[in-house]
Amino acid sequence: MNVNNGLPLIAPKIVPVLDPAFRPAVLANREFRRQAENSQRAVPLRLALEQADGSVFHYPTAVFATDHPLAAGNFTYIERIVKFLLWAWGGYRVYVQGPKTIAEQLQRHFRETPTGRFDAAIMGDKIYERPFEVISAESLPPARASSAPLGRHLNGCRIGFDLGGSDRKAAAVMEGKVVFSEEVVWDPYHQPDPQYHFEGIMDSLRKAAAHLPRVDAIGGSAAGVYVNNRVKVASLFRGVPTDAFNKRVKDLFLEIKKVWNNVPLEIVNDGEVTALAGSMSLGQNAVLGIAMGTSQAGGYVTPEGNITSWLNELAFMPVDYNPGAAVDEWSGDYGCGVQYFSQQAVGKLIPAAGIRVDATLSLPEKLKEVQRLMAAGDERAKKIYQTIGIYLGYGVAHYADFYDLKNVLILGRVTSGQGGDVILDGARDVLRVEFPELSQRIVFHVPNEHDKRHGQAVAAASLPRLA
């Protein structure tokens, strides 16, 4: 596959052993821009994404003149970038300053295609609660962004919790020291009754509280989008019907706060806490955290040590432009990060590796089988990790075109054991061979054993500020 609806695709120099059809987004984008600039007839195109609080983020690029032979790839190039930016930055309104035909194509895409309607509904209806729209603009609204310090408050007696798709964790923290932590298996994805989630969270909080003389604050992380402690979109609650979601889930954490006598409580995206935990542990900023678990979580700490109002939902960002790539089960779109950097990636690669497992096994159970084989020296299992490592190298290079990166923190169950070392070796090789300038700038990190056990919980516990 060397073209995607007119957009030329570039084969990687380092080919994933189990996915030779992989066509990295970063290579296609960079080659498109190079050819457009060399054509001497490049047409400037600027994008702006607006959020409900008035924040506006700009992205400048260029496309081919409409009568150029390579102009057929203009729309695919811009559509994939808009898709990336929506899930990286967020926004309910997209401005396009450039050829009106591209703006019109984007309008039709978000109005008429299943994947476009999914993104528009999530961004407009659920996250920002405004009608989603694409506007062809003569000029863009001024860029306006805000960032703020996140967490790092360790005084007092605190509870930190982390809600994953297959387990939930909670820790009791006194003056920055973990005095208790526990991990409990649960299955939130397929539960239609929000009471299941409420009781599970409360159970973990009570167990942690039993090890503290008092509870001064509660901080939590979970997959999804949270604004002012209200749930906007979260895979943890995907099994909950819309009516029940609106009635109970949206304000679930406000309900929990009331039960705990309205102590300061903060809930944020788990990726943001991952990045915060990494920044706190490393003593460095400009950190992108990538957690490879049930899904893919991401978070970003700026060079100043702050977070922005960006979404950083890496799971939905395209990293593979092959239109025949694996499809995300939720959005229905192809080539998105969740199929490359999570347990879903492992499950996808098992057949290609020639490994036979019971099809009825859950993804965590399939991962455990691959980890067992890897520990036994099975070359088939090693190929899975090598493939994910190559994915990661090209993925990080792609992220670096949009994020100011110096540090990448990698964690999650997929990276546990010997396979994690293979993944990082593969990613470093890709940067060294394809992107030497990034290889010298970006450093990969993995949490030490203490941080693996407690780092996320401590970072989550540090979120609320005490009066």
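Over how many bridges do strand S15 and S18 pair, and in which sense? Strand S15 (residues 287-292) and S18 pair over 5 bridges, in the parallel sense.

1. Basis. This is a predicted model; local features need pLDDT of at least 70, side-chain atom pairs count only at pLDDT 80 or more, and totals for chains, interfaces and linings use all residues. Residues are numbered from 1 along each chain as its sequence is written, and side-chain values use heavy atoms, with hydrogens and water left out.

2. Helices (H or I, at least four residues) and strands (E, at least two) are DSSP runs, numbered from the N terminus. Two strands pair if DSSP finds at least two bridges between them.

3. Burial of S18. Buried means under 20% relative accessible area, exposed over 50%, and partly exposed in between (1.4 Å probe, protein chains only). In strand S18 (residues 407-411), 5 of the 5 residues are buried, so the strand is largely enclosed by the rest of the structure. Asn407, Leu409 and Leu411 point one way; Val408 and Ile410 point the other way.

4. Cores. A nonpolar core is a set of buried Ala, Val, Leu, Ile, Met, Phe, Trp, Tyr and Cys residues joined through side-chain atoms within 4.5 Å. The largest has 99 residues; Ile290, Ile384, Ile388, Leu392, Tyr399 and Tyr403 have the most contacts inside it. Helix H11 (residues 379-400) gives the most to this core, with 12 residues. Contact means heavy atoms within 4.5 Å. Not counting residues up to four places away in sequence, Leu392 touches Ile290, Met292, Phe341, Ile410, Ile423, Ala427 and Phe444. Another core, of 34 residues, lies apart from the largest one; Phe180, Ala222, Val231 and Leu236 are among its members.

5. The five-strand sheet. An open sheet of 5 strands has mixed pairing and the order S10-S9-S8-S11-S14. Strand S10 (177-185) and strand S14 (265-269) are at the edges with a single partner strand each, so one side of each has no neighbour in the sheet. Neighbouring strands are turned by 15° against each other on average, direction ignored. Axes are lines fitted to C-alpha atoms, for helices over the stretch in contact, and angles run from 0 to 180 degrees between N-to-C directions.

6. Pairing and packing on that sheet. Strand S11 (residues 217-222) pairs with S14 in the parallel sense over 5 bridges. Ala222 has Asn269 of S14 as its bridge partner. Helix H5 (residues 194-209) packs on the sheet and touches S8, S9, S10 and S11; its direction makes about 30° with that of S9. Helix H8 (residues 270-282) also packs on the sheet, touching S8, S11 and S14, at about 95° to the direction of S14.

7. Aromatic rings. Rings of Phe, Tyr and Trp (its six-membered ring) pair if their centres lie within 6.5 Å; planes under 30 degrees apart count as stacked, over 60 as edge-to-face and the rest as tilted. The whole structure holds 25 aromatic pairs. Tyr340 and Phe341 have ring centres 6.5 Å apart and planes at 50°, so the pair is tilted. Tyr340 is buried, at 0% relative accessible area. Phe341 is buried at 0% too. Ring pairs link Phe22, Tyr340, Phe341, Tyr391, Tyr394 and Phe435 into a cluster.
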